[in-house]
Amino acid sequence: MSSPSPSPYPHLLAPLDLGFTTLRNRVLMGSMHTGLEDKVRDFPRLAAYFAERASGGVGLMVTGGFAPNVEGWLTPFGSRMASSGAARSHKILTDSVHHAGGKIALQILHAGRYGYSPFSVAPSRIKSPITPFTPRALSDGGIERQIKCFVRAGKLARDAGYDGVEVMGSEGYFINQFLSLATNKRDDRWGGAYENRMRLPVEIVSRMREAVGKDFIIIYRLSMLDLVPEGQSWDEVVMLAKGIEKAGATIINTGIGWHESRVPTIATSVPRGAFAWVTKKMKAEVSIPLVTTNRINTPEVGEQIIADGCADMVSMARPLLADPEFVNKAAANRAADINTCIGCNQACLDHVFQQKVASCLVNPRACHETEMVFTKAVTKKRIAVVGAGPAGLACSTELASRGYDVELFDSASEIGGQFNMAKQIPGKEEFHETLRYFSRRIEATGVKLTLNRRVSADDLNGFDEVVVATGVTPRDPKIPGQDGPNVLSYIDVLLHQKPVGKRVAVIGAGGIGFDVSEFLVDDHSPAMDLDAWKREWGVGDPTTSRGGLVKPDVSPPARQVYLLQRKSTQPGKGLGKTTGWIHRAALKKKKVEMLAGANYDAIDARGLHVSFGEKREGATLLEVDTIVLCAGQVPLRDLVAPLEAAGVKTHLIGGAFEAGELDAKRAIDQGTRLALSI
Ligand code: FAD
Ligand code: NAP
Ligand code: SF4
C-alpha cells in the first residue's frame, strides 16, 4: 500500500486541539461585515455564503459583528444579539455551517464611540474623528450593564448553536477605548492606572466564561498595536493578554490599528504578512493559541508564518471572500488555482462603508451565492470573446466552464488588458495574481486562447454569439501642443516604459493619474520590502514607542510631480472610500503638488501653461520635462456595428460597454453575469 502524500502545508493544515474540541486546520476566517447581518430576511443568503466557505475547508469562521445592545450599535437598527428571538433566528446560519462540516463563532462587537448612532456610549465623552456623534460617558452602573449585555450575547450565541464567540477588543471599538489614555479620561475603577483600564475586557471574558461553561470557544481580539497616539505600550498589551488568558479565553486573535489610524493596515500596498512579527512578540508571553492577521492571502504565507512560530493560526477574511475553496485547494496541492484576494477593498470594505452588500472584485459570487447560480449549458454553442481584459477573462472562462465552446482573442501578447498596467504600480503587485488565476482557468476550462491577433468583424463568421470586451482607449483632451515629443500617455509610461524626465506634470487626477504619479515618484527598489514600508509609514517597535507609532522616515521622491485636474474639488475625492486616503497620503509624503481647478492652456517645449478657475487667473508655466496624459477613457467598440449589421448576436461588456466609472469590479461582475445568463 502506498503511503499518503505529505501535506503541502503541514503547519497550516495541522489540526488544532483546543481541549474540548479540535479545529480541522489553522485557518480562521476572520470577521467581515457583509451587509447581510442586519435583517433576518437576509439570513438565508448569509447561510449560503457561510456554508460555501465551510464546505471549502476553513477551520473556524467568525461572523460579522453583532452588537450586544442598542448602545453598542454600529449603525441604527444594525445587527444585534440581545434576545432569545434573535438567537432562534441565527439557527439557520449555524445549522448550515455544521451541515457543511464547519465551525462558526459569533463576533460580539460594541462600537462605543464608533457607533453611527445617537445612542452611542464610551468611557469618556470624546467624539471620534470618523463619526458625527458624540458618545455619552457611561456611569459605573452603565459599564456594569454593558458587561451584562456582553455576557448575555455570549449565552445567546451558545443557544443559537454557535461553537463560540469572538469578543471584539480591538480596532478602536468600545473595549479598546477603555484601554487608551486618549479615549479613557476616567478616574474611577475603570480609568487611570492600566490595571483599571483593562478591568472591562477582563471582567467581560471571566464573567462570560462562567456563563457559557468550559466547552465553548471564547476568542478575544486583542489590539496588539494600536497605531494611534497615546496607544497602549507593549508592557500594557502583555499585561492585558495575560489577564485575558487567566480570565478564561480559549484563543487570542490579533488586532492591528484603530479605524482612525493613519497607517494602512490591510490595503494592497501593505506587504504580505506585515504584522506577523507583532503576534510573534506575544508568543513568549501567553500559552493559549494565538491568531495572527492582516494581509495573509496565500497558503505559502500562512504556512511560513506558523512554521516560523509567529502564531498558532492565521486569520484570513477577504481571501475567503475571494475564494471559498481556498483551504481545499491548498490541501489538494492546487494553490495555483486559488483566486487570490488582491487587497483592493473595492467590493468588500468599500461596499460596507457605502451601506451596500459586500462582494469581491475577483469573485462577484461572494455574498450573491443564491442569486448567481452556476448551471451547465443546455445547448451547444460556439462563442467568441474579443478582448482578454478582466471582462473578457471572466466571461470566457465562466462560459467554458458551463460547457460552451469558447474562443478568446486579444491583440496583445499576453492576457490581462489594463491589468498589465495596474500591476506595474508600486503597491499593486497583487494584480499579477489575478492574471495567474485566469491563466489557470483558461487551461482548466478549455477556453481556446489566441493572442497577438487583432480581430475584425469578418474574422468572427461562424460563431453563434460574440462577446465584445475590447475595453477602452484614452480620451483625447485636445490640449494645444499635446503632439509634442514631451507628451506621453499613461500607456506609453506604464506599458511601453518610455523614458520620463525628472519634472513631470500629470494631467488628470483620477485613479490612473494617481497611480501614474505613484509610479513616477517611486524609486522602484525591491517591491514589498517590509522594513522600508514600516519606515515610510512610521510603524515602530511598541516596546519603545506607545502604540507602535514612530516618526515616518520617507525616502525622497524619484521625481518632482505635479498632479492636475480641472475640477475645483479635492483631487482624489472619487477614489475608493477606504483606500483613497492612503493614495492621497502617499503622494503627499512624496511632495506631489496637487493642483485643482486647472485650465490646460498649452504645451510647448518649456512645459505646461496653466491658468486657474473660470476667470483663467494665475496663468503660469509649469516648467516640466514631461507631460503625462491621464485624462480618462472612452469605449472601444468599433466591432459592434459591423457585427450587428451581419446579424451576429453580439454582447457588450466592461469598458467597451461603458467607460465612465469603469473599474475591474464592474468588468468582472458584468462578464460573469453575462456568462451565467447565456
Ligand atoms: P481592458 O482591460 O481594457 O481589456 C480590453 C482588451 O481588449 C485588451 O487586452 C485589448 O488588447 C483587447 N482588444 C481591444 N480590441 C481588440 C480587438 N479588436 N481584437 C483583439 N483584442 C482587442 N481597476 C480597478 O478596479 N482597480 C484598480 O486598482 C485599477 N487600477 C488600475 C491602474 C491602472 C494603471 C490602469 C490603467 C487601470 C486600472 N484599473 C483598475 C482599471 C481596470 O484595469 C479596467 O477597468 C479593466 O481592465 C477594464 O476591463 P475590460 O476587460 O473592460 O478592458
Ligand atoms: P477617471 O477616474 O474618470 O479620471 C479621469 C481624469 O481625467 C479626471 O481627473 C478628470 O478630471 C480628467 N479629465 C476628464 N476629461 C478630461 C479632458 N477632456 N481633459 C483633461 N482632463 C480630463 O478615469 P481614469 O483615471 O482614466 O481611470 C479609469 C478607471 O480605472 C476609473 O474609472 C477607475 O475606477 C479605474 N481605476 C481605479 C483605480 C483604483 O485604485 N481603484 C486605479 C486606477 C484606475 P477633470 O475633469 O476634473 O479634469
Ligand atoms: Fe480582496 Fe478586493 Fe475581493 Fe475585497 S474586493 S476580498 S480586497 S479582492
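Is N345 buried or exposed? With a relative accessibility of 3%, N345 counts as buried. The points below concern a predicted model, and they begin with the surroundings of this residue.

1. Backbone of N345. The residue N345 is placed in the loop between helix 12 (326–331) and helix 13 (349–353). Its phi is positive, at about 65°, although N345 is not a glycine. Most residues other than glycine have a negative phi, so the backbone at this position deserves a look in the structure above.

2. Ligand 3. N345 is also one of the residues that surround ligand 3. By class, the shell residues divide into 8 nonpolar, 2 polar and 1 charged. The space that ligand 3 takes up is the largest cavity.

3. C360 counts as buried, at 12% relative accessibility. C367 is in no disulfide, and the nearest cysteine sulfur, that of C360, lies 9.4 Å away. A disulfide requires two cysteine sulfur atoms within 2.5 Å, so the distance of 9.4 Å between C367 and C360 excludes one for this pair. C367 is likewise buried, with a relative accessibility of 1%. For the model as a whole, the count comes to 0 disulfides.

4. Salt bridge between R189 and D140. The count of salt bridges comes to 35. In one of them, the side chains of R189 and D140 meet with an N to O distance of 2.9 Å. R189 lies in the loop between helix 5 (174–179) and helix 6 (194–197), while D140 belongs to helix 4 (residues 140–159); the pair therefore ties together parts that are 49 residues apart in sequence. R189 counts as partly exposed, at 35% relative accessibility, and D140 is partly exposed at 32%.

5. R207 forms a salt bridge with E203, and the closest N and O atoms are 2.9 Å apart. Both residues lie in helix 7 (residues 199–212), where R207 and E203 are 4 residues apart, about one turn of the helix. R207 counts as partly exposed at 24% relative accessibility, and the value for E203, also partly exposed, is 24%.

6. Salt bridge between K242 and E285. The side chains of K242 and E285 meet in a salt bridge at 3.5 Å, N to O. This pair links distant parts of the chain, with K242 in helix 8 (residues 234–247) and E285 in the loop between helix 9 (276–283) and strand 11 (290–292), 43 residues apart. K242 is partly exposed, with a relative accessible area of 39%. E285 counts as partly exposed as well, at 29% relative accessibility.

7. Backbone of E171. A positive phi also occurs at E171, a residue other than glycine, where the value is near 55°. E171 is found in the loop between strand 8 (164–169) and helix 5. At 12% relative accessibility, E171 counts as buried.

Terms used:
Residues are numbered from 1 along each chain as its sequence is written. Chains are lettered from A and ligands numbered from 1 in the order in which they are written. This is a predicted model: local features need pLDDT of at least 70, side-chain atom pairs count only at pLDDT 80 or more; totals for chains, interfaces and linings use all residues. Side-chain values use heavy atoms; hydrogens and water are left out. Buried means under 20% relative accessible area, exposed over 50%, partly exposed in between (1.4 Å probe, protein chains only). A residue is near a molecule or strand if one of its heavy atoms lies within 4 Å of it. On a 1 Å grid over the protein atoms alone, a cavity is a set of points where a 1.4 Å probe fits but cannot get out, and a pocket is an open set with protein on both sides within 12 Å along at least five of seven lines; lining residues have an atom within 4 Å of a point. A molecule sits in a cavity or pocket if more than half of its atoms lie within 2 Å of its grid points. Ala, Val, Leu, Ile, Met, Phe, Trp, Tyr, Cys and Pro count as nonpolar, Asp, Glu, Lys and Arg as charged, and the others, Gly among them, as polar. A salt bridge is a side-chain nitrogen of Lys or Arg within 4 Å of a carboxyl oxygen of Asp or Glu. Helices (H or I, at least four residues) and strands (E, at least two) are DSSP runs, numbered from the N terminus.
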